[in-house]
Amino acid sequence: MEILGLAGILIALALLFYMALKGFSLLIVGPLAAIVIVVFNGMGFAGITSTYLGGVGGMVTNVFGYALLGAILGKYYEDSHAASTVANSIMKLVGADKENSSPMRVVIAVTVVAAVLTYAGVSVFAAIFALVPIAREMFRKANLPWHIALIPVVLGMCTFTNTTMPGAIILSNILPTNYLGTTLTAMPVASLVASAACIVWGLLYCKYQLKKAIAKGEAYVESGGIPASAADTRLPTVAESFAPIIVLLAVVFGGSVLKVANIAYIAMLVSVLVAMVTLRKYIPSHKKTLAGAGTNSIGTVMSIAAVVGVGSCITTAPGFSIVSNALSSISGNPIFSLILMCLIMGVVTASPSGSLGIILANFAQGYVAAGLAPEVVHRVVAIATCGFAAMPHSGGCVALLACAGLTHKEGFKHCFMVTFVGQTISLAVIVIFSSLGWVI
């Protein structure tokens, strides 16, 4: 029965992988994959009504509040064009607003803009729509190859701000605190070192690709997707645009020091209220902005939950015991078993939040019981599930390429090299710190 059950799991995962790669919604793929697992493992009707839907419901409960608040903040930044003010300010700060500025200044400016927005809680999907027009305008002015823009966008949006920077208001940093009792600043020293290593890798890779592209005579060529933002749009002031971000970070770090419970919720709620007040003059319709945020958050949460529900079926299926026993039999530091688990889930689901939810809900406490510090588990799962989910069928990757008007052939390599390789480097830093007993 276990062999047949394992075969069903593999078929379900292959189905999930193939259909996601072909662009089918996870809301359809998830239930289909769950049905295959339930049938092959003889789990009966309860496998769907209790196991699958129970996993879906549990993830919705854990994620929806954060997703809704993050979506509202992102929509206010998008609809008010405050994201453009933030970008323009940072461009001037690094000297990237001049006509003949160094190509790497432009790269650094895009990276910083992306990092500021996502570190402050703007979701990756919301950040994509805010960043692509800004990056396009900057790369057009500098006459740089457009496909290179994916490197700083992904570096600032999908790597260190999502996984290692202490205090980040992002799901991959928030969810582990719910399951492990850790804080948003878990392993701050190791996290900063890991962030620095990832940033250095991303910038070096970008410099190499820029040099190679310029040597081949490549320059900016207009492509499809979102056009550059209009120059005559009335923008919020610098103070108005940065106020929600500054307040959010102040509440996060102050609350973390004081060990205030549910500080992420509090910080995001306060930041949203500040954004509603400071950006109100630039919002054409608050009703439409809030409605759009609600729609975005529901779609995101249900897509994540649909995958997590499959994970619940997998982990309770008789066939999974073969995999579980194999992982637990890995000798030495359990951190390597945890990394392998993240690799399997990340590659299959191509969803950082989905694989993170599966692992936290079903395996995290087991690794703590095996001797890993909760802070180590927190950082490993955050980094590994994000890095290893950089697959062709990743929703974030598909959305970014579509918005940029680029094909997988033109841009996926950059997404993979920055995210998968960069996060692997960050992961190595955390492993070294953990192996030395430095949970700092």
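A nonpolar core is a set of buried Ala, Val, Leu, Ile, Met, Phe, Trp, Tyr and Cys residues joined through side-chain atoms within 4.5 Å. In the predicted model described here, the largest such core has 136 residues, and those with the most contacts inside it are Ile-37, Phe-139, Trp-146, Met-157, Leu-338 and Leu-400. The largest share of this core, 10 residues, is contributed by helix α3, which spans residues 46–80.

Two packed helices are described by the angle between their axes and the distance between the axes. For helix α5 (residues 103–119) and helix α10 (residues 188–215), the axes come within 11 Å and cross at roughly 140°, and the two helices are therefore oblique to each other. The crossing in which α5 passes α10 is right-handed. On the side of α5, the contact is made by Pro-103, Met-104, Val-107, Ile-108 and Thr-111, while α10 supplies Leu-203, Cys-206, Lys-207 and Leu-210. Sorted by class, the residues of this contact between α5 and α10 comprise 7 nonpolar, 1 polar and 1 charged.

Helix α10 also packs against helix α20 (residues 408–435), where the axes come within 8 Å and cross at roughly 150°. Because angles over 145 degrees count as roughly antiparallel, α10 is described as roughly antiparallel to α20. Here too a crossing is found in which α10 passes α20 in a right-handed sense. The residues of α10 that take part include Val-189, Ala-190, Val-193, Ala-197, Trp-201 and Tyr-205, and these belong to a contact in which α20 is represented by residues including Met-417, Val-421, Ile-425, Val-429 and Phe-433. By class, the contact of α10 with α20 has 15 nonpolar, 6 polar and 2 charged residues.

The buried residues of α9 are Leu-171, Ser-172, Asn-173, Ile-174, Leu-175, Pro-176, Thr-177 and Leu-180. Helix α9 is followed by Gly-181, which has a positive phi near 75°.

Val-376 lies in helix α18, which covers residues 374–387, and with a relative accessibility of 1% this valine counts as buried, the cut-off for burial being under 20%. When neighbours within four places in sequence are left aside, Val-376 is in contact with Met-187, Ile-335, Ser-434 and Val-439. Val-376 and Tyr-179 are 197 residues apart in sequence, and their C-alpha atoms are 13 Å apart in space.

Key: Residues are numbered from 1 along each chain as its sequence is written. This is a predicted model: local features need pLDDT of at least 70, side-chain atom pairs count only at pLDDT 80 or more; totals for chains, interfaces and linings use all residues. Side-chain values use heavy atoms; hydrogens and water are left out. Buried means under 20% relative accessible area, exposed over 50%, partly exposed in between (1.4 Å probe, protein chains only). Helices (H or I, at least four residues) and strands (E, at least two) are DSSP runs, numbered from the N terminus. Axes are lines fitted to C-alpha atoms, for helices over the stretch in contact, and angles run from 0 to 180 degrees between N-to-C directions. Angles under 35 degrees count as roughly parallel, over 145 as roughly antiparallel, 65 to 115 as roughly perpendicular and the rest as oblique. A crossing is left-handed if the near helix is turned anticlockwise from the far one by less than a right angle, and right-handed if clockwise. Contact means heavy atoms within 4.5 Å. Ala, Val, Leu, Ile, Met, Phe, Trp, Tyr, Cys and Pro count as nonpolar, Asp, Glu, Lys and Arg as charged, and the others, Gly among them, as polar.
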